[in-house]
Amino acid sequence: MSEQHDSEQHPNGPHYNPDPHAHPGLHLIALVEGVKGVLALLAASGLEIIGPAPLQRWAHALIARFQLDPDHGAMAWLAQSINPGVVHFAAFVVLLYGILHIVEGWGLWRAKAWASFLGCITASLYLPFDIYAFATHRHWLEAVVVLINVIVVWVLAHDLFVRRR
């Protein structure tokens, strides 16, 4: 009886195919998320390996290079704020970011609903910033970023919608 039910068509279309290979869009997004996660893990490791002293020197070099006020402004604040505790905290946050993207990528590769939900929410959170960047800069690169994020949200939302039918 259940075999017949599984093969029946839903009035709005076929049942969701649980085979991960049936979802190439999810695989592509999973690869991108995995790469972002690995890059974040490398960045977190780099922060820990480099430490605060070189970061402070680089911030001061940027201030000198661009002839910024060494006592006021965002770069001056950044240079003065760099210390071991801040670097460890930043590395920890970047590590969590990387782990989140790797887990999301794994879930999308396996066509897990929770991963589609997580990806849809996180990509949607980036959209207002991407749209603002495009509205203020009007550059083709910002337009491409907005378009890609809209496509990602659409693919993941569509996956969730098809699962609910």
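Residues are numbered from 1 along each chain as its sequence is written, and side-chain values use heavy atoms, with hydrogens and water left out. Because the model is predicted, local features need pLDDT of at least 70 and side-chain atom pairs count only at pLDDT 80 or more, whereas totals for chains, interfaces and linings use all residues.

View 1. The mean pLDDT of the protein (the predictor's confidence in each residue, from 0 to 100) is 87, and 91% of the residues score at least 70.

**View 2. Helix α7 and what covers its buried residues.** Helix α7, residues 140–164, has 25 residues and reaches 36 Å from its first C-alpha to its last, close to the 36 Å expected at 1.5 Å a residue, where the expected span is 1.5 Å times one less than the number of residues. Its buried residues (under 20% relative accessible area, with exposed over 50% and partly exposed in between, for a 1.4 Å probe and protein chains only) are V146, N149, V152, V153, L156, D159, L160 and V162. The cover over these residues includes α2 (24–50), α5 (84–109) and α6 (113–137).

**View 3. The largest nonpolar core, with L26, L108 and L156.** A nonpolar core is a set of buried Ala, Val, Leu, Ile, Met, Phe, Trp, Tyr and Cys residues joined through side-chain atoms within 4.5 Å; the largest has 15 residues, of which L26, L108 and L156 touch the most other members. Two or more residues come from each of α2, α6 and α7, and α7 gives the most, with five. A second, separate core of six residues includes L55, I63, A79 and V87.

**View 4. A30 and A43 in helix α2.** A30 counts as buried at 5% relative accessibility, and beyond its neighbours within four places in sequence A30 is in contact with G105, L108 and W109. The C-alpha atoms of A30 and N149 are separated by 14 Å, although these residues are 119 apart along the chain. A43, by contrast, is partly exposed, with a relative accessible area of 37%, and lies 8.1 Å from L95, C-alpha to C-alpha, across 52 residues of sequence.

**View 5. H101 in helix α5.** H101 counts as buried, at 2% relative accessibility. Residues up to four places away in sequence aside, H101 touches E33, G34, K36, G37 and Y126.

**View 6. The largest pocket and its lining.** About 280 Å³ of space lies in the largest pocket. The lining has 18 residues, of which V32, E33, I148, N149 and V152 lie nearest the centre of the pocket, and α2, α5, α6 and α7 each supply at least two residues. On a 1 Å grid over the protein atoms alone, a pocket is an open set of points where a 1.4 Å probe fits, with protein on both sides within 12 Å along at least five of seven lines, and lining residues have an atom within 4 Å of a point; points are joined across faces, edges and corners, and the volume is the space filled by probe spheres set on them.

Terms used: Helix = DSSP H or I, 4+ residues; strand = E, 2+ residues; numbered from the N terminus. Contact = heavy atoms within 4.5 Å.
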